[in-house]
Amino acid sequence: MVERETWATRTGFILAAVGSAVGLGNIWRFPFQASEQGGAAFLVVYLLLILAIGFPVMLVEFTVGRRTKRNPIGALKELGTGVWTKVGWIFVVAGFVIMSYYSAVSGWVLQYMVLGLQNDYAVDAAGGQFLATASGLDSVLTHAIFMAAVVVIVAFGIQRGIEMSVKVMVPAIILLLVGLAVYAATLEGATEAYQFYLSPDLSTIAENWTEILPAAAAQAFFTLSLGMGVMITYASYLGEDRNLAEDGAIILGFDTAIAFIVGLIAFPVLQAASIPPGDPGPGAIFISLSAAFGELPFGGIIGAVFFGTVAIAALSSAISITEVVVSYLIDEHGVDRVPATVGLGVAMFAVGLPVAYGASGDLSELIIFDGLANGILLVLGGLLLSIYVGWVGSDFALDELGKGITNIGSWGLTWLWLVRIPVIVILLVVLALNVQGYYQDLTALFAG
């Protein structure tokens, strides 16, 4: 096994973990999920799941990663026996699939940033502009550009590549988002937008929980980079003196705050342009927000800043996802970092070509990839790892969690029983609902 790097600073680790979470999960996915699922109703369920599931599962991944100092596949091989040794493959496969289409979507973000700089958002034909942007050779080219940027950063390693880059990118993302939120607060109709976003109707949750719960859970997993091995891999570079609970709380706090701020931007912008919330689908942020920016004074520049922020966030997240798969080749097969990164970058680019080229013209390729990886694999990986840590490997998990904590007391057992029962039960329900929803989506796609 190749000698592993460690984080140069605690700040570097936290910013890398926050950066992995910020990405498209918060800025691309969160607005259209919240919009489609009732605004404040979705926000309430999402925040509850972040605390009830997100934080405990993050600590599960942290304990596994730091205990073994290995990637997800190597970690489960070392800790588990029998079928448990195969669980790590779910994380690596999920990360590979997500990165393949994530790069294509990030390429669309780059195109929308350029469209803003050219003041060329098509207000009356936003849907057609998006479908044109999300397909063809231009989409393939931006997919390649984005993937190349990821490969260059990851190839430089943990300290010289990932840690140095996120120390610039993550603070820049936060500053830009705060500035955009201040701007959005000045727009006409901001009060009405905040009401939709911040005033929950509990009856909406009760009537639509079978749709809101899986959407919010999938969002929580995606935005916290859970189930794809990022937190296992990043924790494998940690020293034993680190307080995993404290680091996890900081990461969760930053991530949740950023997702919340994105809503404070998106909904006032849509309201000011008289675009109603509720437009479903993964293209919503591009179609609705670009049309909204096109209606506003200086909207092209503001849109370019917004999509530029999304691009930076996407890059910070993409390097984390790619590192998971790269670390597998380094740890398990002794491949040097540069050839491992380049080879995987080419493979991910090739797998993502159907999404980038968009031959179907209706985003069906993206729906198929995203539904499998985000809706099923992430939750399945988190569920199986929680079962293993909660019921099979609880002794090592409690021991690992206690390192770096002066007096863990009964807190460790509380965390363990949260993982053993509520987390597992909720993830089982969410997985069942997501499998059902994915089957319905595939049926609708192929029937059409």
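## Reading helices and loops in a predicted model

User: In this predicted model, why is Asn119 counted as exposed?

Analyst: Exposed requires over 50% relative accessible area. Asn119 has 61% relative accessibility, so it counts as exposed. Its place is in the loop between helix H4 (88–117) and helix H5 (126–133).

User: Why does Ser225 count as buried?

Analyst: The limit for buried is under 20%. Ser225 has a relative accessibility of 1%, and therefore counts as buried. Ser225 lies in the loop between H9 and helix H10 (230–235).

User: What makes the phi of Asn119 worth noting?

Analyst: Most residues other than glycine have a negative phi. Asn119 is not a glycine, yet its phi is positive, about 55 degrees. Ser225 is likewise not a glycine and has a positive phi of about 60 degrees.

User: How do you know that helix H9 falls short of the span of a straight helix?

Analyst: With 22 residues (202–223), a straight helix would reach 32 Å at 1.5 Å a residue, but the end C-alpha atoms of H9 are only 24 Å apart. H9 also bends by about 90 degrees at Asn208.

User: Why is H2 called roughly perpendicular to H16?

Analyst: Helix H2 (residues 40–68) and helix H16 (residues 364–392) pack at an angle of about 70 degrees, with axes 10 Å apart. Angles of 65 to 115 degrees count as roughly perpendicular, so H2 is described in that way relative to H16. The contact involves Val57, Val60, Glu61 and Val64 of H2 with Leu385, Ser386 and Val389 of H16. The crossing of H2 past H16 is left-handed.

Key:
Residues are numbered from 1 along each chain as its sequence is written. This is a predicted model: local features need pLDDT of at least 70, side-chain atom pairs count only at pLDDT 80 or more; totals for chains, interfaces and linings use all residues. Side-chain values use heavy atoms; hydrogens and water are left out. Helices (H or I, at least four residues) and strands (E, at least two) are DSSP runs, numbered from the N terminus. The expected span of a helix is 1.5 Å times one less than its number of residues. The bend at a residue is the angle between axes fitted to the seven residues ending there and the seven starting there. Buried means under 20% relative accessible area, exposed over 50%, partly exposed in between (1.4 Å probe, protein chains only). Axes are lines fitted to C-alpha atoms, for helices over the stretch in contact, and angles run from 0 to 180 degrees between N-to-C directions. Angles under 35 degrees count as roughly parallel, over 145 as roughly antiparallel, 65 to 115 as roughly perpendicular and the rest as oblique. A crossing is left-handed if the near helix is turned anticlockwise from the far one by less than a right angle, and right-handed if clockwise. Contact means heavy atoms within 4.5 Å.
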